[in-house]
Amino acid sequence: MIKTPICDLLGIEYPVFQGGMAWIADASLAAAVSNGGGLGIISAMNANGEWLRGQIREAKKLTDKPFGVNIMLMSPFADEVAKVVVEEGVPVVTTGAGNPAKYMPAWLEAGIKVIPVIPSTGIAKRVARAGAAAVIAEGGESGGHIGELTTMALVPQVCDAVDIPVIAAGGIADGRGFAAAIMLGAVGVQMGTRFLVAHECNVHPNYKKKILEAGDIDTASTGRRLGHPVRSLKTPFTREYMKKEYDPNVSNEELEGLGAGALRKAAVEGDEKAGCFLAGQIASMVTKEQPAAEIITDVCTQAEEILKGACKWVR
Amino acid sequence: MSTFESIVKVISDYREMDPEEITLSTTFEDLALDSLDMTEILMGLEDEFGITIEPDEKLENVEQLVTFIDDQLEKNA
C-alpha cells in the first residue's frame, strides 16, 4: 500500500490525481476516480460558473470522497468560477495557464487546498509563497499545454526549490512512472491520458480508440510559434497546423483561428479530420479501457512492487 | 538608481544584452521574453526593490512595468 503525505493532506487513499482535461474531465470521471481512492478533478475549462456549479453538484451526488476542480486561469470566466468553487465548498483547486495569486486570499480563507500546475521552479516558488498547499510539476511529455522542461528534469529541481509537496505529471502511464516520480522526490502523480480511457470517461469513442492505437512517436507539439505549445496525436489537423506554423506568410491570428474549437471537435464529436486529440507521449502505453478504480490500483500495486525491489542492483 | 534603470539592469543582465538597447517603449515581445522569462525577471526585480510584485494584468512593455512598480513602491511606502 503506498501512502504519502499528500494522502493525509487531502484525505485520499492513493496519491494519484486525475488530470483536469478540458472537455474530458467531467463529474462522472472525477467521481469515479475519487471513489477509486484517488483525487478526481473536474475541468472548468472555458465554461461559465453555472456550468461548473452543475458539474460540482453532480459529482457530489456520485461521490462523498474529496474531489477537485481545475481552473484554467486564461478562461474568460476565471473570476466567476473562482467564486463558485468557494460557494460550493470544493476542497481542492488545481490551476493552470497563469498565476493564481489574485484568487489565493479568498480560496485560502475558504479552506481550499490550492495546488497549481507549474512548469518551472520560478513559478513553483511564487505559488508556494502565495500559500499553495502543493504543486503539480508537469513536464513536456504530457498532453495538452506543455512547458519547456521534461518531467525527469523538472521534478527534482522543483523538489529542491520548494518545501511543499510535489506531484509529478507528464509521461506517467503505469507503476514504473509512479515509482520513478517517487525517486525524483515527488509524493504523488497526476495522470491524464491513462484516465482518458476509463470506462467512466465520457469522451467520444473515437478519441479512446486513437489513444489505444497510438504508437510511441505518434504525438507532436504544435503552437510553439504562438508561445503556448500543445501536445496532441498526429492527425490531419496537426499536419495542416504544422505546415502553416512554419509558413511565415501565415499570421498568428490565422494560426489561433485554426486551433479554436479543435479539441471540442475531437472530444465531443470524435472528428478525426478536424479534431485535435490532446494526448501525452505515453499514449502508446495505454492499451485497455478499465474502470477508473482499477487504473488506480494497477498503477499503485505495480509501483509498490517496483519500489520494494528497487535495491536489487545495489551491492 | 531610478525604477527604469533598475529594470534595465535586471533585464539586460538576464538577457546578457546591451542596456542601451532597452527603452521605455521596448516590448517584452521585442526582447523575446515569454511568460517563464517574465517570472524570472519579476523575481529579480522583487530582490532589487525588496517588494512583492504580482501584476494582475499582463504587462506588455517596459513603461508599463515602470508604472506598475512605482505604484507598488508608493503603496508599500
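Mentor: Start with how chain A is packed overall. This is a predicted model. Chain A has 315 residues, and a compact globule of that length would have a radius of gyration near 20 Å. The value for chain A is 18 Å, so it agrees with a compact globule. Along the principal axes, the C-alpha atoms fill a box of roughly 55 × 50 × 40 Å.

Now look at what builds chain A. It holds 14 helices and 11 strands. Of its 315 residues, 53% are buried. Next, take the contacts in chain A with a separation of 6 or more. Residues 24 or more positions apart account for 60% of them.

Chain A exposes about 13,300 Å². Carbon and sulfur atoms supply 54% of that area. Charges come next. Chain A carries 31 positive and 35 negative charges. Their mean positions are 2 Å apart.

Now zoom in on helix α11 of chain A. It covers residues 236–245. Which of its residues are buried? They are Phe237(A), Thr238(A), Tyr241(A) and Glu245(A). Buried here means under 20% relative accessible area. Look down the axis of α11(A). The buried residues fall within an arc of 90°, so they line one face of the helix.

What covers the buried residues of α11(A)? The cover includes two strands, β10 (219–222) and β11 (230–233) of chain A. It also includes two helices of chain A, α12 (252–259) and α13 (262–267).

Ser6(B) sits in helix α1, which spans residues 3–15 of chain B. Its relative accessible area is 4%, so Ser6(B) is buried. Set aside its neighbours within four places in sequence. Ser6(B) is then in contact with Met1(B), Leu45(B), Glu48(B) and Phe49(B).

Glu60(B) has another setting. It lies in the loop between α2 (35–49) and α3 (62–76) of chain B. Glu60(B) is partly exposed, because its relative accessible area is 42%. Leave out its neighbours within four places in sequence again. Glu60(B) is in contact with Thr27(B) and Phe28(B). Ser25(B) is 35 residues away from Glu60(B) along the chain, yet their C-alpha atoms are separated by 9.4 Å.

Go back to α11(A) in the viewer now. Find Phe237(A), Thr238(A), Tyr241(A) and Glu245(A), the buried residues. Then trace the elements that cover them, including β10 and α12 of chain A.

Notes. Residues are numbered from 1 along each chain as its sequence is written. Chains are lettered from A and ligands numbered from 1 in the order in which they are written. This is a predicted model: local features need pLDDT of at least 70, side-chain atom pairs count only at pLDDT 80 or more; totals for chains, interfaces and linings use all residues. Side-chain values use heavy atoms; hydrogens and water are left out. Helices (H or I, at least four residues) and strands (E, at least two) are DSSP runs, numbered from the N terminus. The radius of gyration is taken over C-alpha atoms; the globule rule is 2.2 Å times the number of residues to the power 0.38. Buried means under 20% relative accessible area, exposed over 50%, partly exposed in between (1.4 Å probe, protein chains only). Contact means heavy atoms within 4.5 Å. Accessible areas come from the Shrake-Rupley method with a 1.4 Å probe; for residues, only the protein chains shown count as cover. Lys and Arg count as positive and Asp and Glu as negative; His and the chain ends are not counted. The place of a charge is taken as NZ of Lys, CZ of Arg, CG of Asp or CD of Glu. The arc is that of the directions from the helix axis to the C-beta atoms.
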